[in-house]
Amino acid sequence: MNSLVSSKNLSRHTIELLLQNAQAYADKGPVGGHQGTVVNLFFEHSTRTDLSFQMAAQRLGMRVLNFAVAHSSASKGETLLDTLETLEALGVDVAVIRHKMDWPKEVEGCNLNLSLINAGSGIFEHPTQALLDAFTMRQHFGSLRGLKVTIVGDIRHSRVARSNLHILTELGAQLQFSGPDIFRPDDLPEVPWVDLDKAVEETNVLMMLRVQHERHAQNTDISTYHEQYGLTEQRLARLRADALVMHPGPVNRGVEICTAAMEDPRSQILKQVSNGVEVRMAVLDWCLQGGKHGKLVSA
Ligand code: CP
């Protein structure tokens with residue numbers, strides 16, 4: 001079995017294989033024919049990731065079991081490891097896990113005969129989000145080599161930024177961050193920290209991130225956030241005509257991004273959501289194959 005816990009588990013070759021396979025699924029339409037059972041274990045709320053993993057598994061022809069945390073024995077104190085061993089005993093092949101905290105230590109190095117996919121964990125990583133972001137950029141620009149990508153906002157608490165750092169850099173993009181100093185991460189000094197008003201005119205991709213209040217130790221005042229660090233109508237007007245506006249969602253309209261930017265033809269926000277299905281199909285397929293490299297869906 002193969003698992004996807006961190007984007008750092010993925011070599012450039014594997015990233016390219018997954019994106020190629022995602023494109024093959026996008027070109028093919030419904031496929032089916034895959035055996036296996038997937039369970040989504042979401043210990044933190046989600047709309048896009050939860051539903052797109054379900055869509056992806058169904059389009060592959062896999063069985064999808066519902067696991068509602070509040071109605072499960074996790075609510076009676078069962079550990080995640082015991083839950084996963086129970087799923088393994090039931091014959092589940094893939095467990096897709098979303099967690100409020102960083103990737104649960106108790107499952108690291110455990111000897112389970114099922115694949116684990118990180119569907120977003122605390123501020124650690126969200127590898128399938130970064131893959132779909134890369135896929136969306138690649139569809140538009142053909143290649144990420146030399147592309148300037150500016151990620152703006154609450155980088156300190158962003159698992160999306162951390163996964164994108166590895167995946168976009170592996171594919172040759174130049175990544176830079178911007179936002180308020182309080183959201184500047186201590187652990188990523190290698191990434192340039194730039195002024196948004198300078199970056200907006202030269203960047204090829206502007207990725208806006210939500211202020212993640214739920215991960216802040218104390219209340220954060222956002223009364224002037226939009227004007228200072230958001231994608232306002234004025235900044236939108238200065239963005240390159242061929243630039244892309246991206247956002248992993250969920251969006252807080254009028255905080256990190258204005259409604260006009262969401263509706264602008266350069267916005268990829270809903271395209272990112274639909275691309276998430278094909279990317280997750282490719283990831284599920286890769287996990288089921290035990291991560292055997294080199295096998296193309298279209299071959
Ligand atoms: N982008 C993302 O992870 O969205 P959800 O929280 O809705 O899954």
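Predicted model: local features only at pLDDT ≥ 70, side-chain atom pairs only at ≥ 80, totals over all residues.
Residues are numbered from 1 along each chain as its sequence is written, and side-chain values use heavy atoms, with hydrogens and water left out.

**View 1. The largest cavity and its lining.** Arg48, Thr49, Ser52, Gln129, Leu132, Pro248, Gln272, Val273 and Arg280 line the largest cavity, which holds about 60 Å³ of space. On a 1 Å grid over the protein atoms alone, a cavity is a set of points where a 1.4 Å probe fits but cannot get out, whereas a pocket is an open set with protein on both sides within 12 Å along at least five of seven lines; lining residues have an atom within 4 Å of a point. Grid points are joined across faces, edges and corners, and a volume is the space filled by probe spheres set on the points. Two cavities of 30 Å³ or more are counted by this rule. Two or more residues of the lining of the largest cavity come from each of α2, α4 and α10 (269-288); helices (H or I, at least four residues) and strands (E, at least two) are DSSP runs, numbered from the N terminus. In the classes used here, Ala, Val, Leu, Ile, Met, Phe, Trp, Tyr, Cys and Pro count as nonpolar, Asp, Glu, Lys and Arg as charged, and the others, Gly among them, as polar.

View 2. The largest pocket contains about 400 Å³ of space. Pro250 belongs to the loop between β8 (244-246) and α9 (259-263). At least two lining residues are supplied by each of α2 (48-60) and α5 (159-170). The lining of this pocket comprises four nonpolar, 10 polar and eight charged residues.

**View 3. The second largest pocket.** Its volume is about 190 Å³. Among the residues that line it are Ser3, Val5, Trp103, Cys110 and Phe124. This lining has eight nonpolar, two polar and one charged residues.

**View 4. The packing of α4 with α5.** Helix α4 (residues 127-141) packs with α5 at an angle of about 55 degrees, and their axes are 8 Å apart. Axes are lines fitted to C-alpha atoms, for helices over the stretch in contact, and angles run from 0 to 180 degrees between N-to-C directions. The angle makes α4 oblique to α5, since angles under 35 degrees count as roughly parallel, over 145 as roughly antiparallel, 65 to 115 as roughly perpendicular and the rest as oblique. In α4, the residues that meet α5 include Pro127, Leu131 and Met137, and their partners in α5 include Val160, Ile167 and Leu168 (contact means heavy atoms within 4.5 Å). By class, the contact has eight nonpolar, three polar and one charged residues.
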